[in-house]
Structures are given as structure tokens and as C-alpha cells.
Amino acid sequence: MGNDRSIRCFLCRCHGEISRVIDLDEVARALKSHPGVRSLDVRNSLCLEEDMDVLASRVEDPDATGLVLGACSLYARGDRIRTALEEKGISPDTVEVVDIREGCSWIHHGQPREATTKAIDLLRMGVALQRHRENPDEVMVDPVREVFVLGAGPAGISAAASLVRLGVRVHLLDRAKSPGGLLNLVKRIAPEDVTSDEYLSQKQQTIFASNGGVSHYPGAKLISAHGSAGDFTISFSSGKTEHAIRVGAVIVATGAKILMPDGLYRHGNLEGVLTGIELERRFKAGQLEGNRVVFIQCVGVRDRKRPYCSAICCIVSLKQACQVLDVDPQAEVFVLHRDIMCPGSVLEKYYRDAMARGVRFLRYEQDRPPVVLGDENVDSVEVYDALTSEMRRIKADLVVLSTPLAPHDDAGRIAELFGLNRDEHGFYEVRTLMHPLETKREGVFVCGSARWPVLGRSAVLQGEAAAMKAYELISRGTLAASRLSTYRERKFSLARVDHEACTGCGNCVAVCPYDACSLEKKEGALKSTVNLIRCSGCGSCVSVCPNGSIQLPGHSAMAIGEMLKAVCEQGS
Amino acid sequence: MTDRTEDSGNIQVVLEGAGRKIVVFACTWCALIGADGAGKKRISLPATFRVIPVECISRVEADAVIRAFTSGIDGVAVMGCHLGGCRHNGANLRSARKLELLKPLLDTVGIDSRRLFTSYGTAHEYHQFAQAIESFCSQIGEMPPVSAWSRSFVRAMSARGENE
């Protein structure tokens, strides 16, 4: 196999950075006689326009010529050379940049002879790879300029409002009857101290004044989701009608549920033991009885079963503590905590303000939790104060349990529908490091508390960020599949199946980390098929294929074999 | 199991490790960036290793490792992202398991399994890359080359597999 491109080599002196260590004359001699190499030039700096023009002028027929450049690493200038050559009409698939500076002359400066031998090997490997590099498969995708937003909480509403302002049609689906998500349960929102209506009114106005730019489906239920980035088909039922829509990107903003304490601290058995959200209900109804209130933090969280910090409960309790003081300035408010988490300038001020207003903080230890005392009503709370090492008994009319946010019960079903991973706690998983909204599935973005418990302000921020991500995907017109994702910075080689050789064993289907491989019936037999939009070119499938029928055209087993041979050619 | 060179009757005294060749499969997301970092810092390294960049180490099949040994290479290093930090949804975890399974098989055909080296690190850990390469190269340098018997045995075995 392989292509019959004739190879033109160019070596870069890099103004001495390479040639000072590596004997380029010797490299040139060794390579000129190498089979397949048609010409070889040594230049001063391949990355400068002047040399680049010479380089391009030597390529008469871009399809029949392969370039092997001995220069610096891909991360230094190598990738930029390839991009610049692409602008001159030379496909990156025909250009091999062999790193002989960072990877050779700079790390072997004390051993010029060995470095020269190594440079010859590396360039021969480059020639071998280029001669066996086949053009990758490519599909063009014309993304549908519509976006599906699942969940109409602060994150979903912000995403929808941002997108509709950009002229994108949005389908906003929510299982609740009215938008707002968890914010609807709350009287005032921390730390902004506004009501939920005030909080979201501007964005809601944008949505509902958009003249049909946003189709809002309240009380709807998701049925199925198919397709891949650029073209998803989603069906759901709203009322008695079933809808099926086509969208280019999906934003999952399903939020989280409030965990109930499950009998902890005698909740449900003793009058006066409430959860935070039950207290909100009393605030809303304006019926707060009793002026001695004890908050207990970290209820059912930061333990072995849920070893995460829900990040919002401290702020919520501080807000509620201050609200109790608003109702009755003489109230006695205690917050029993394990740590107070109020990061950043705004939230730290919130904490200091609560302290200044007389909220008292008391630290307890995880293995000696507070005990709620009382027969019919709450009487007091007994707690071991970790800082003074004393048992304390605090008189109380109300005990408020600060429970965390936890993943929705149907998060598993939604993850399955969209092909998302979930982390150890059950929240949707995002890509590692620099891709905080992108998921395993291209074109599906996660924001808000579905990803991790966040305050309203962070949910809004993430919703708007997810909207931008979705817009980036759908706004650029027709794209090659390998350029579809913002996640892929470089052009990849996508997997290709030889259908004659494929036995349909399904190994590739089992290992593909992107669900790109599937078995389909072709001429009576099951054959592996690759969804090129989902494929990211990692090559997992290649290494488990029993007979090599699935390959990365740009980096085939044949090419690697030839590269290995090239390493051993010299001195054996 | 020890390796013995049975190529030729006459024993050559050569510089320790000279002529040994080592191939490094480095993933372009972490190990290759680490290699690049080591280059930028101009850390002096032994010149016996050759890097083959791969998109992800999950691309490196057992066959590629075996083929390296049969074509005359004395050490193979597979270097990828931290386990749990793979850019391809944990594909490197599966690869790590596969390579561990390969090691005893290498031992059975007379190729010391220490000749297959795996390491997982992040992109900015150039010092880790340099240190791993340095120790692996010196380890391979202290070992004799893979015996010609092992090379031809494995070659014959894999040729038989292809003919069947």
C-alpha cells in the first residue's frame, strides 16, 4: 500500500541551532541516496516567509509530492509551518515535520556524532511515514443552525437568551411548568439579594420577546436523542403531542436536586427540624415562628458516601441566618459547621457581614456530630465545640439542616440518551483540563449544577459560556468533520475500515471511547462502521482489531512498521 | 531469563549501550509536549532513543511493540498522559492494562519484559520525561541486545500467524 509521492526533503539550519551540533552535510549525503527521496535542500530558516516561498515553489504537483522537513518541534514552529504551507495550497497530509532541534540537537549537544546518526534515523522515519501516509477520509457537515437547551433554570435560560440574541433558533425544554428551576423555591437569591423573578426577568423577556426565536416547551419529557455534532434528532413529548426536532448542538442544563436528610438529625420525626428549602417556604409564606435558630451544615455530604462539597450550602445558610435577623433583630442564630466555604471577595464579605450582625459560628467534628434534643418540639442542640473542646447545649426553636445538591434521579437516563459520562458522584463529566463545558460527545455541552453544584450567578455564567460554545459550532457554515470541534486543535486522521477484511467481531465497538464505531449489516454480514463525526482519531480501535482491518490512514500499522525498520537501517 | 547474543562467534567489546536503539511512542497530548519541554530546557539526554508521536498511546498495539523487537530495537517505551488524565476519555487506561498483559508474553519468548517501559505523566512534566528516558536508556544500555534467537523466533511466530 502507500502512496507514490516523491519525497522532497528540506533541512533547516535554524541559523546554527541545528547545524552547530548535527552535521547536516552528512545527513544530506545519507538521505540523498535514500529510496524515494527526489531532492534535498538545506536552508537557513524554514519558518521564514522567504524559505517558505522556495519550499512551496519546489512543489509542482501538490498531490504527487511529499515534503519531509527537518526542523523544530511541532509545538515550536513546526505546526505553524504546516499551517502556512496549507495557505499556499499544500495539504498538511503531505507535509512531515521532523523535529531535529528540540528532539535532537538541543538535547544531544555534547554528542554531535550520535546526534547526527539520530537525525538521519529521524528523517528516514519521516520519509517512511510520509510514503505510507494515505489521505484521510473526510466528511463535510453543515450544522443545523438551531440549538436544543435542556432545562430552564438559570443556566438554561441564560444560554437560550444569549443564543436568541445571536439570531439562533432555540428549543428550550423543561420538565417543570414554569421556568426558573430551583430559584423558584427560594425567596431571595444569594449573594445578590434579589427575588428570583427580578433575577431572571431580563433574560426571560429576551426569550419571550424573541418572536418565536425560542420555542419553550414546559412540562415536557425527553424521549430519545440520536445523531452527532451538527445534526442531532431529538424527540420529546409536551402535553399530549410528540415533537421531533433537528438541532446542531445540545446544551444540557438539567440542574440538580436538593437532597433530603432521610431522617438525619430526627428530620421528619421532630417538630421544628427543617431543611433549608422548608425554611425558604416559611419565609415565602411569611410565617417564621421562634427566634432561636440553629443551622447545621454539611448534612449528608462530605462523608464517605458523598465525599464532595456542594459549594452552595454555606452561602445559603448565611443568607437565611441574616433573613432570620431581618425578621427579628433580637433572634439568636447559630451556625454549626465543619468549615465555612466562602471563596472570593463577594462571598467572603457575605460571611463577614453575617458575623458582624451577630450570627455565631461553632465548629463541630465529623465524628462527633451535633445531637438534636426534644420530645415533641425541638428543645435544644447538644454539640461538641471543636475549638474550645467543650460540650455546649444551645437552646433552639428551629433546627435548619443544610443539605447539599445531588444529581437528579434521571441523570443516568439523560446521560445514556446523549452518550455522556458521569463522575463518581453522578454529575455529568466534562473533558479534562482546558475544556470545562465540553463532554465526551462532540456538540453536547454541560453547564450549571448538572455539572457541579453552583450558585445562580455561576449557573448564569456557565449558561452563557455554553451558548458561545454551541454558537462556535453551528455558526461557521459547512465544515470538515475533523474541523468541527473546537476541542480538536490539530487535524486528525480518522479511522477507516476495510469492509472486505472486517469480520464484525465488535472489538472496536467495545473499546471506542467516543461510541463512534458500530456494527452494521453490509451485504449480509455485520461490519464495523465508523461515524466520522464522532471519531477523534485516538486509534483505540486499531490496537484491538484482530486482523488490522481498521486503520488510521495517516498513521497505519504499515507506516509504523516502516518507521521501525527505518530506525534499524543504519549500523546493522 | 538472560539474553545472549548468538549472532556471531566473535565477541565484540563495544562501548556500553552503543548501538542499542530505543523507540519511544509518545502521545501528542502529554509525553510529546514533555519531550518538547526537555528540548527547550536543553537537558542533555542519551542519544539512543527515537520518538514516534502517536495521537494516543491506545493506538500502540501489541503487534507494534513486538514488531519493534523483531526489527532490531532493544527497548520500547510507551509514554502517555496520567492515568485518569487522558484526552480520549480514559483510552490510555485500557492501553496500560493491555501493555501489562504483554509483558509476561515477552518474557516467555526470551525478551526481558523490562525492555517494555510504560510511563504516564502530564505535559508540563518535562523533568519526568527526561528522567524516565535517562533511566530507561541506561537500563537498556546495561542489558545485552535482544538475542537473535528471540528476534527470529518471534518473527517466525508472527509470520505463521499471518499465513494461517
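Helices (H or I, at least four residues) and strands (E, at least two) are DSSP runs, numbered from the N terminus. The views below show a predicted model, in which local features need pLDDT of at least 70, side-chain atom pairs count only at pLDDT 80 or more, and totals for chains, interfaces and linings use all residues. Residues are numbered from 1 along each chain as its sequence is written, while chains are lettered from A and ligands numbered from 1 in the order in which they are written.

View 1. A:A311 sits in the loop between β15 and α9 of chain A. Its phi is near 70°, a positive value in a residue other than glycine. A:C298 is found in the loop between β15 (292-296) and α9 (313-327) of chain A. Phi of A:C298 is near 55°, again positive in a residue other than glycine. A residue is buried if 20 or more other C-beta atoms, placed from the backbone, lie within 10 Å of its own, exposed if 12 or fewer, and partly exposed in between. A:C298 has 24 other C-beta atoms within 10 Å and is therefore buried. A:A311 has 17 C-beta neighbours inside 10 Å, so A:A311 counts as partly exposed.

**View 2. A cis peptide bond in chain A.** The bond joins A:A190 and A:P191, and omega is about -5°. A:P191 lies in the loop between β7 (169-173) and α7 (196-208) of chain A.

**View 3. The open five-stranded sheet of chain A.** The strand order is β14-β21-β15-β16-β17 (chain A), with parallel pairing. Two strands pair if DSSP finds at least two bridges between them. β14 (273-275) and β17 (360-363) of chain A are the edge strands, and each pairs on one side only. From one strand to the next, the twist averages 25°. Axes are lines fitted to C-alpha atoms, for helices over the stretch in contact, and angles run from 0 to 180 degrees between N-to-C directions. β15(A) and β21 (residues 398-401) of chain A run parallel and are joined by four bridges. A:V293 has A:L398 in β21(A) as its bridge partner. Helix α8 (residues 276-285) of chain A packs on the sheet and touches β14 and β21 of chain A. The direction of α8 makes about 95° with that of β14(A). α9(A) also packs on the sheet, touching β15, β16 (332-337) and β21 of chain A. The direction of α9(A) makes about 170° with that of β16(A). Two residues are in contact if their C-beta atoms, placed from the backbone, lie within 7 Å.

**View 4. The open four-stranded sheet of chain A.** Here the order is β2-β1-β3-β4 (chain A), and the pairing is parallel. β2 (37-43) and β4 (95-99) of chain A stand at the edges with a single partner strand each, so one side of each has no neighbour in the sheet. The twist averages 15° from one strand to the next. Six bridges join β1 (residues 6-12) of chain A to β2(A). A:L11 stands opposite A:V42 in β2(A). Helix α3 (residues 74-87) of chain A lies across β3 (65-71) and β4 of chain A, at about 165° to β4(A).

**View 5. Packing of α6(A) against α12(A).** Helix α6 (residues 154-165) of chain A and helix α12 (residues 456-474) of chain A pack at an angle of about 40°, with their axes 7 Å apart. The two helices are therefore oblique to each other. Angles under 35 degrees count as roughly parallel, over 145 as roughly antiparallel, 65 to 115 as roughly perpendicular and the rest as oblique. Residues of α6(A) in the contact include A:P154, A:S158 and A:L163. Those of α12(A) include A:V460, A:E464 and A:Y471.

**View 6. Strand β4 of chain B.** All five residues of β4 (residues 116-120) of chain B are buried. B:L116, B:T118 and B:Y120 cover one side, with B:F117 and B:S119 on the other. β3 (residues 75-80) of chain B and β4(B) pair in the parallel sense over five bridges. B:M79 stands opposite B:S119 in β4(B).

**View 7. The contact between chains A and B.** Chain B gives 38 residues to the contact and chain A gives 42 residues. The largest share of the side of chain B that touches chain A, six residues, comes from α1(B).
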